[in-house]
Amino acid sequence: MTLRITLIAAALAFAVPAVAAPVVGKAAPDFSVTDANGKTQSLSAYKGKTVVLEWNNPECPFVGKHYGAKNMQEQQAAAASQGVVWLTVNSAATGKQGHLDGAGANAYLAKVGGKETAYLLDGDGKVGHAYDAKTTPHMYVIDKDGVLRYMGGIDSIASTDKEDIPKATQYVRQALAEIKDGKAVSVPTSEPYGCSVKYGS
Amino acid sequence: MTRNPRARSFAFATIAGLIGAIAAPLYAADDGDHVSVELISEHTALAPGQSQQLGILLRHEPHWHTYWINPGDSGLPTTLAWTLPPGVKAQEIAWPMPKRFDVGGLYNFGYDGEAVLPVAVSVPADAAPGSKAHIAVDAKWLVCREECIPGRKTMTLDLPVAPPTDPPKPDGRWTMQFSRARLAEPQATAWKATNAADGDRIVVTLRGPSLPAADGLDAFVAERKLVDNKPPRIKHEGDALIVDFAKSEYFGTPPESFDLVLTQPSAAGVRGWRVQVPFAAKAAP
């Protein structure tokens, strides 16, 4: 028993501290966080609806690629028209590039014409760490039963070039269409690409 | 120069570069943003039938970095698109050993300070001595501190084709850069590598001559979506060196083999090794 505890302790000491990443096919982590309008948002409140999570940093050039080309806003609007909830999450810590308060977030959304359901202020990184969000953008699709169905990149071409968007497979759009049709998601994970999420230390 | 038929393609490449710059306003206007980027040649001329070294010289401002072929958790590798005279061929970048950057618990792999991305070019045997070879490259990179800025630059070099009587000489301006580039290249090894993918771990076992001590050793996998980007656990076990990675959460179809690079700081600078690891789902020692 003592040996076992020692071994476990040794294993824990050896392991790099890590959060358990969410797994496609399993329940997505619930969260409770304030949005840009001061309203509390949780995943569980949207049970019965498909939810998209989008990690955002307004100053990241990869985010700029997809907002500049209107790719993100068009996907947000299309999702909304199908009753899909779209939550944009900003996990940049206070003092880090792209960190926003509620007023700043609303000004940003007005400027880019964001069509998301809500913009979540996750400056302490709790939601980001729960989802192991690494990049901006980093995308997650959760079905009406709260099961994670897709995680990864917004599309298939890792670049900052707007011209690549029409050539790329838009993974979130594809996953939403497949979920709507009751099909399996054909590409359930892809490696996300973008800027690192600017977590606090 | 104007009588040279390649002058036209040179002008065309430049205009294409300008159009590219206008069409892509996300890019830095030039390379003045945190990294200077230059196309250099080890020799002042090309020799017919030879392979020679060109390089992209990257000079980063302090705290800024660009990326390795596998950039890690975020970022983008530098890409090069060459426009070369007929018959001249450029190889892929011979990626120097990367450094690990810890960005708030996320990991990136790349280069800071001064680095050269070497590219071997082969010159056809029938290249006419006395003619000029016009070489153009469109480089794209992402330079990051915490924030990131994409950059793009089209660079050109006009190198004479040397006659057999007067073989190309090293260009004194870049001798040191190319010497350093050779030192920064991970050296090929005769190690025998086996790999076992066990649950959520990918464990590489290395055996062979002159394995480095585990102390200070780091390891990188060139292929993406294979291993997690956190530092692996590295230890000696008998005559073997064990490199134990967490599997990538984006792991999909495994490759037939992958390229492992090991680095270790020493008093004489960082040393690096490379070994190709066959991918096997089960251990095959």
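Colleague: What distance lies between the C-alpha centres of domain 1 of chain B and domain 2 of chain B?

Modeller: These centres lie 28 Å apart. Domain bounds come from an automatic or database domain assignment, which here gives domain 1 (6–184) and domain 2 (187–278) of chain B. Residues are numbered from 1 along each chain as its sequence is written, while chains are lettered from A and ligands numbered from 1 in the order in which they are written. The model is predicted: local features need pLDDT of at least 70, side-chain atom pairs count only at pLDDT 80 or more, and totals for chains, interfaces and linings use all residues.

Colleague: How many residues does each domain of chain B give to the contact?

Modeller: Two residues are in contact if their C-beta atoms, placed from the backbone, lie within 7 Å. Domain 1 of chain B contributes 10 residues and domain 2 of chain B contributes 14 residues. On the domain 1 side, β3(B) has the largest share, three residues. Helices (H or I, at least four residues) and strands (E, at least two) are DSSP runs, numbered from the N terminus.

Colleague: How many residues of chain B are in contact with chain A?

Modeller: There are 22 such residues in chain B, and they meet 27 residues of chain A. Strand β10 (residues 148–160) of chain B gives the most to this side, with three residues.

Colleague: Which strand of chain B pairs with strand β12 (residues 192–198) of chain B?

Modeller: Two strands pair if DSSP finds at least two bridges between them. Strand β12(B) pairs with strand β13 (residues 201–207) of chain B in the antiparallel sense, over seven bridges. Within β13(B), B:Val203 is the bridge partner of B:Ala196. The hairpin has two residues between the strands, and B:Gly199 takes a positive phi near 60° there.

Colleague: Which residues of helix α6 (residues 171–180) of chain A are buried?

Modeller: A residue is buried if 20 or more other C-beta atoms, placed from the backbone, lie within 10 Å of its own. In α6(A), A:Tyr171, A:Val172, A:Ala175, A:Leu176 and A:Ile179 are buried. They lie on the same side of α6(A) because they cover an arc of only 130° around the axis, taken from the directions from the helix axis to the C-beta atoms. An α-helix has 3.6 residues a turn, so residues three or four places apart point the same way. The buried residues of α6(A) pack against β3 (51–55), α3 (71–81), β7 (139–142) and β8 (148–152) of chain A.

Colleague: What is the mean pLDDT of chain A?

Modeller: The pLDDT is the predictor's confidence in each residue, from 0 to 100. Its mean for chain A is 91, and 90% of the residues of chain A reach 70 or more. Over residues 1–18 of chain A, however, the pLDDT is below 50.

Conventions:
Buried ≥ 20, exposed ≤ 12 C-beta atoms within 10 Å, placed from the backbone.
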